[in-house]
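Please walk through this structure step by step.

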Amino acid sequence: MSDAGGGRSAFVVGAGILISRVVGLLRNTVFAYYFGAGAASDAYNAAFKIPNAVRNLLGEGTLSASFVPVYSRLLGRGDAAAARALSNAMLGVLLAVVSLLTLVGVAAAPLLTSVLTPGFDADTQALTTRLTRVLFPMTGMMVISGWCLGIQNSHRRFFWSYASAAVWSLAQIALLLVGGVRADSAATLAVWLAWATLAGAVLQVAAQLPQVMQLAGPIRPTLDRAAEGLLQTLRNVVPVVTALGVVQISSFVDLQIASFLPAGAATNITYANTLALLPVSLFGVSVAASALPEFSRESGALALDALRERLRAGWQRILFYVVPSAVAFVLFGDYCVGLLYRAGQFGAAEQRVVHWVLAGYAVGLVSFGSVKLLGSAYYAMQDYRTPLRASVASITVSAIAAVSIAVPLRASPYAAAGIALGSALGSYVNLLVLARGLRTRLGPLYTAAMYTGTRRIVVAAAVAGAAGWGARFVQVTWMSSLHPRYAALPILAAFGITYLVVAWGMGSAEAARWLRRPPRLSGRGAQDAAGE
């Protein structure tokens, strides 16, 4: 296969995600400027997490796993009418479910807040409850956005489905820039921001609808149970939602632990998590999202050999990016954090804490990125039980590790790093379960060429780390007064350029594409490149 790893499609997905993530990071930078890390920011992040859990249960992840494989198969056999009927029926079901859940969520906001943030003081809990009621209707909009994304991806339209999320962030940035200088308190600004977040969700859906209507025809939500594929999709939803529900439980456990830590812990986790998941979104999610429709078509034709080859190539591509990202976050995470957030209410103390949390997440970056792709292979093969078992094992290890590390350190501002490290350790359990199951069904996943390619990635990342550390030594010794925003650029540039050059020198085709150089391939090296 000329594009075994879905390289072109993954690039388009990555470009869309890059735009949305860059704007999202800008949103976090502005947020950090006006809020820093305190009670109001904790309340906003906690309130956002509650309705966002419902969005995660019924939105992009669930629809990608349950709806996209069925819809893609209908498209693959050329039955556009059946595909349209399925999409409209699924939209009708989603609208009915999220409307009910939104009403329940708004009414139950005080109970949800008290259960999920028991460590907050009374004022912070009251603000969290108010914000939750404003944000809960966002759930419905984001679920519909996930439905739109499923339609777009099934038709191999990847860019705008992901880039449209930038509209959501832009609405929040606009509010912060205007309201940040006018609000009389951080709590008032948090309420205003919640309304802007809701408005941004509406705008995101509106931005996607024209392309969706062009691809799928008129949007007429129905509850037609006779639509071909609907019952199968709904049967698929149950185990997927259960698996994602386990993940959300893990997220809520993290929030509960953070509520007992010093003020700002929940916010610092959000800052670090957003940065840590940037390479996962750009490379892990992009490869998995572009591969899922192809996985579905190939597994439907019992072309397991083709599926295995796409899986291998996609996995190696993910490792090429997430391994050096993990090294950079551990060694130079303080500069990454300072580059993005150091301004206004976000000072040196917050920078140090967020770096520790970021380093904890970086430990699990390889597994965070890999499980997206491996999970997509299971969903394409209509196996939803194995990802569920993997998620249950993961949350168990994650919760035990987080409590064991963070709780004894609860008086320290660095305790939040224990929550991140627990998530990282749990994610490796998830990866091991998924990889073992795929090896049983598809045969060996990691070839000799892939082992060679991975060794090349690790060596290049290690050399790049040394180069970056040398640049850091120079900066600390002779230019210690530089603001992190300026000090970070040469250090990160030294790291990134060294990584690409060394990887290219060792025969990496992926590095050659970035450097616009011909691959250094000959003999054994040409065979090794098959791993990338």
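Arginine 77 and aspartate 79 join their side chains in a salt bridge, with N and O 3.1 Å apart. A salt bridge here is a side-chain nitrogen of Lys or Arg within 4 Å of a carboxyl oxygen of Asp or Glu. The model is a predicted one, in which local features need pLDDT of at least 70 and side-chain atom pairs count only at pLDDT 80 or more, while totals for chains, interfaces and linings use all residues. Residues are numbered from 1 along each chain as its sequence is written, and side-chain values use heavy atoms, with hydrogens and water left out.

Arginine 77 also meets the side chain of glutamate 228 in a salt bridge, at 2.7 Å from N to O. Glutamate 228 sits in the loop between helix 10 (186–216) and helix 11 (230–259), and arginine 77 in the loop between helix 3 (60–76) and helix 4 (80–107), so this pair ties together parts that are 151 residues apart in sequence. Helices are DSSP runs of H or I with at least four residues, numbered from the N terminus.

Six salt bridges are found in a search of the whole structure. One of them joins glutamate 510 to arginine 513, whose closest N and O atoms are 2.4 Å apart. Both residues belong to helix 20 (residues 509–515), and because they are three residues apart there, about one helical turn separates them. Glutamate 510 is buried, with a relative accessible area of 6%, whereas arginine 513 is partly exposed at 48%.

Arginine 516 is in the loop between helix 20 and helix 21 (524–528). Most residues other than glycine have a negative phi. Arginine 516 is not a glycine, yet its phi is positive, at about 55 degrees. The residue counts as exposed because its relative accessibility is 77%.

Threonine 128 belongs to helix 6 (residues 122–135). Is threonine 128 buried or exposed? It counts as buried because its relative accessibility is 0%. A polar atom of the threonine 128 side chain lies 2.7 Å from the backbone oxygen of threonine 124. Leaving aside residues up to four places away in sequence, threonine 128 touches Ala43, Ala46, Ala47, Thr113 and Phe120, where contact means heavy atoms within 4.5 Å.

Rolling a probe the size of a water molecule over the atoms shows where empty space is left. On a 1 Å grid over the protein atoms alone, a cavity is a set of points where a 1.4 Å probe fits but cannot get out, and lining residues have an atom within 4 Å of a point. The structure has two cavities of 30 Å³ or more.

Conventions: 1 Å grid on protein atoms, 1.4 Å probe; cavity = no way out; pocket = protein on both sides within 12 Å on 5 of 7 lines; lining within 4 Å. Points joined across faces, edges and corners; volume = space filled by probe spheres on them. Helix = DSSP H or I, 4+ residues; strand = E, 2+ residues; numbered from the N terminus. Buried < 20%, exposed > 50% of the residue type's maximum accessible area, 1.4 Å probe, protein only. Polar contact = N/O pair within 3.5 Å; in protein donor to acceptor, adjacent residues only side chain to side chain.
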